[in-house]
Amino acid sequence: MLQPQDIIGTYYDALYRGDLNAVKACMTEVSYFMTLESFGLRLSFRDDAFKSLLHKVQEDDAALKEVEALLSEDLLSREYTPKIEIQNIEENGDKRLTIYYTENEKPKRLYFSKEDNGWKINYYAGRKVA
Amino acid sequence: MNKNKNVKNRRNFLSKMLVVGASGATLLSTSAYARGKKRNATPQLTEEQKDTLFYIYQEEKLARDTYIKLGEVYTNENTFASIQISEQRHIDSARELCTKYGVDISHVNEDSVGEFELPILQEHYDTFMIEGDHSLLDALKVGEHIEVMDIDDLETAAVGMPSDVANVFNQLKEGSLNHLEAFEAAIARAQ
């Protein structure tokens, strides 16, 4: 089972390689859709057809696949390879933790929750419970 | 015209949500009374609802920070300046709910404008800055986008919440609808 500190590297590598299947495997389903929405925003502003597809990804598999394909190309074209350095791991109860790290020296954090299939990035798991 | 209709439809949806929310609250309070619990006790949020509240609180900062920065770029357009003040009140309202329901927010820094430690919020903000930098019209369209996004998120977040939380979320949505109208009017002027 991948540990959260390993998932951070996998997440960034997969994201900017445009490998959204690997990104999906790193996070909860809700967080994955939030990731599509957030990183698809640039395309949404430029392309009304993409914007329309993005609105439908949770109900329409064909729209999801098209969005993933277009967004994958966009992410790859950014040619962004940030330097990630883990700073601290903070446990938050038994099933949550926060990893503090830097992305090109800027402070960042990602929240994780322990799901049935291992640790997953979960944007909703930031509230302190312990 | 279509956009005005859109705002009216959203307002109608909110009214229905409030009726449903109030009915749910009545059912919940009746059930609690039947079990012999105090009728006026603060309702409890589920763990998921607390997580949702915490996320909404973090997200409210995104709108305020975007309007602060776009207002600095387009100093002759006062829509950004007036709405950023309102967005601070949204942050305050969400913070008060967090405090009421024991949601720890001590690790969130409200004061660092444009800095987000959660990567998806930073990505949103960076995109808003890139798009908004093109022209005043693009910046106003960013504002319009933010308000539509906030309204959608608040509508989703309100589902199943206790009536006091749903009421606050409804007030925030009403505010966002007013902001949306203001941005639409400004876009019409700028075109």
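Trainee: Which residues in α3(A) meet α4(B)?

Mentor: This is a predicted model. In it, A:Met34, A:Thr35, A:Ser38 and A:Phe39 of α3(A) meet B:Ile120, B:Glu123 and B:His124 of α4(B). By class, this contact has 3 nonpolar, 3 polar and 1 charged residues.

Trainee: What makes α3(A) and α4(B) roughly parallel?

Mentor: Their axes cross at roughly 20 degrees. Angles under 35 degrees count as roughly parallel. Therefore α3(A) and α4(B) are roughly parallel to each other. The two axes come within 9 Å.

Trainee: Which hand does the crossing of α3(A) and α4(B) have?

Mentor: α3(A) passes α4(B) in a left-handed crossing.

Trainee: How many residues does each chain give to the contact of A with B?

Mentor: Chain A gives 17 residues and chain B gives 15 residues. On the side of chain A, α3 (29-39), α4 (41-46) and β3 (106-115) each supply at least two residues. That side of chain A divides into 9 nonpolar, 3 polar and 5 charged residues.

Trainee: Why is α2(B) called roughly antiparallel to α5(B)?

Mentor: Take the angle. The axes of α2 (residues 47-73) and α5 (residues 136-158) of chain B cross at roughly 170 degrees. Angles over 145 degrees count as roughly antiparallel. So α2(B) is roughly antiparallel to α5(B). These axes come within 11 Å.

Trainee: Which residues make the contact of α2(B) with α5(B)?

Mentor: From α2(B), they include B:Thr52, B:Ile56, B:Glu59 and B:Val73. From α5(B), they include B:Ala139, B:Gly143, B:Asp150 and B:Ala157. By class, the contact has 9 nonpolar, 3 polar and 3 charged residues.

Trainee: Back to chain A. What pattern does chain A follow along the sequence?

Mentor: The pattern is α-α-α-α-α-α-β-β-β-β. Chain A has 6 helices and 4 strands.

Trainee: How do you know that the radius of gyration of chain A agrees with a compact globule?

Mentor: Set the two values side by side. With 130 residues, a compact globule would have a radius of gyration near 14 Å. Chain A has 15 Å, which agrees. The C-alpha trace of chain A spans about 45 × 30 × 25 Å along its principal axes.

Trainee: What mean pLDDT does chain A have?

Mentor: Chain A averages a pLDDT of 94, and 99% of the residues score at least 70. Among the elements of chain A, β3(A) has the lowest mean pLDDT, 93. Helix α6 (residues 61-77) has the highest, 98.

Notes
Residues numbered from 1 in each chain as written. Chains lettered and ligands numbered in written order. Predicted model: local features only at pLDDT ≥ 70, side-chain atom pairs only at ≥ 80, totals over all residues. Contact = placed C-beta atoms within 7 Å. Nonpolar A, V, L, I, M, F, W, Y, C, P; charged D, E, K, R; others polar. Axes fitted to C-alpha atoms, helices over the stretch in contact; angles between N-to-C directions. Parallel < 35°, antiparallel > 145°, perpendicular 65-115°, else oblique. Left-handed = near helix turned anticlockwise from the far one by under 90°. pLDDT = per-residue confidence, 0-100. Rg over C-alpha atoms; globule rule 2.2 N^0.38 Å.
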